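This report looks at nonpolar packing, aromatic pairs and a surface patch. The sequence and structure come next.

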Amino acid sequence: MGKRESVANPDAARLTVAGLITIILQSFVLVFKRCGLNFFRKSALRLRWALTSLRDWSDYRKHQAAFLAKARDTTVKRIESPLGERTRHVYQIAGSATLTTFQLHQRHGIIECLYPSKLTSLLDIGCCRGWFVIKAAERPECERATGIDVVPGFIDAANEAKAALGQDKADFHYAFLDDLIADPRKFRTPYQTLILLNTYHYMYWGSAYSPRHWADHDYLLRSLAAVCTDRMIFMGPLEVDECPADIAERAKAHPDWGAAYTTATFMDVASRYFHVTHHSNMGERPVYVLTRKTSPA
């Protein structure tokens, strides 16, 4: 018998390739329908954040090495009270040198890039143990920096750091937003730059630390505009489902408050008092710069 020659079937090959492409496209459509565009957007943000964190980790290690070198011959003081609370916000002091956690170091690096070219004064609402205030006060051009918080233990820790560093330009107070409005002389308002990071939702809803709150975007944003002259740097959840679980429970009890707690409503009200710019993202969460309008809209 003669040897049979195999003859390629180009039509069959094309059908196979076309079928494979069809299956891939169908799978992509199925994933898209199930997960939506938001899934892909969040995945891209996570990837970018991971790459950013690798770069920032290298920078942090340099700061850490410099601090440890200075700390060899001196006593190191840890600013960590109340113990077990907000553990990413602890830091160490050795002489005039300071070192915080990688997470807070990274956050500070992102936020300080949004300061005015000359930072003259800063107010941090929800300052925790005062890291942003201490770092602002170290800048020669900054005349004063103040932090307020509703947790007395955090304010005690911040004042402990202030004393250890001999930092006279930093001030810390146990206070709420309406205290700033009621007593501008005591709190020396207004300030050029205002920081509000992961705090606004507690001001709106209240928290386990304090039930005191104002479920009114206009009051909150009008008051915030009143205590700053240039800009507010803002980050925080603006949808109920992005907030802690206890806030979701409050939203069920007060559906009218929950209905108003949306990014769209916040932006609409903020535009009365600020020009709002989405600057970047910290992980999946947007970071906004709200530049104060000279007169409300």
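## Nonpolar cores

Contact here means heavy atoms within 4.5 Å. The model is predicted. In it, Leu 221 touches Tyr 200, Met 232, Phe 266, Val 269, Ala 270, Tyr 273 and Phe 274, with residues up to four places away in sequence not counted.

Leu 221 belongs to the largest nonpolar core, which has 37 residues. Leu 221 is also among the members that touch the most others, together with Ile 125, Tyr 200, Leu 224, Met 232 and Phe 234. A second core is separate and has 32 residues. Among them are Ile 111, Val 133, Ile 155 and Met 235.

## Aromatic pairs

There are 15 aromatic pairs in the structure. One of them joins Tyr 200 and Phe 266: the ring centres are 5.1 Å apart and the planes stand at 80°, so the pair is edge-to-face. The partners are 66 residues apart, and the pair links distant parts of the chain. Tyr 200 sits in helix H7 (residues 200–205), Phe 266 in helix H11 (residues 263–270).

## Surface patch

A nonpolar patch lies on the surface, formed by Leu 47, Leu 51 and Leu 54. Together they have about 340 Å² of accessible area.

Leu 51 lies in helix H1 (residues 10–71). Its relative accessibility is 54%, so Leu 51 counts as exposed; the cut-off is over 50%.

Definitions and conventions:
Residues are numbered from 1 along each chain as its sequence is written. This is a predicted model: local features need pLDDT of at least 70, side-chain atom pairs count only at pLDDT 80 or more; totals for chains, interfaces and linings use all residues. Side-chain values use heavy atoms; hydrogens and water are left out. A nonpolar core is a set of buried Ala, Val, Leu, Ile, Met, Phe, Trp, Tyr and Cys residues joined through side-chain atoms within 4.5 Å. Buried means under 20% relative accessible area, exposed over 50%, partly exposed in between (1.4 Å probe, protein chains only). Patches are made of residues with over 30% relative accessible area and no salt bridge: like charges are joined within 9 Å, nonpolar side chains (Val, Leu, Ile, Met, Phe, Trp, Tyr) within 5 Å. Accessible areas come from the Shrake-Rupley method with a 1.4 Å probe; for residues, only the protein chains shown count as cover. A salt bridge is a side-chain nitrogen of Lys or Arg within 4 Å of a carboxyl oxygen of Asp or Glu. Helices (H or I, at least four residues) and strands (E, at least two) are DSSP runs, numbered from the N terminus. Rings of Phe, Tyr and Trp (its six-membered ring) pair if their centres lie within 6.5 Å; planes under 30 degrees apart count as stacked, over 60 as edge-to-face and the rest as tilted.
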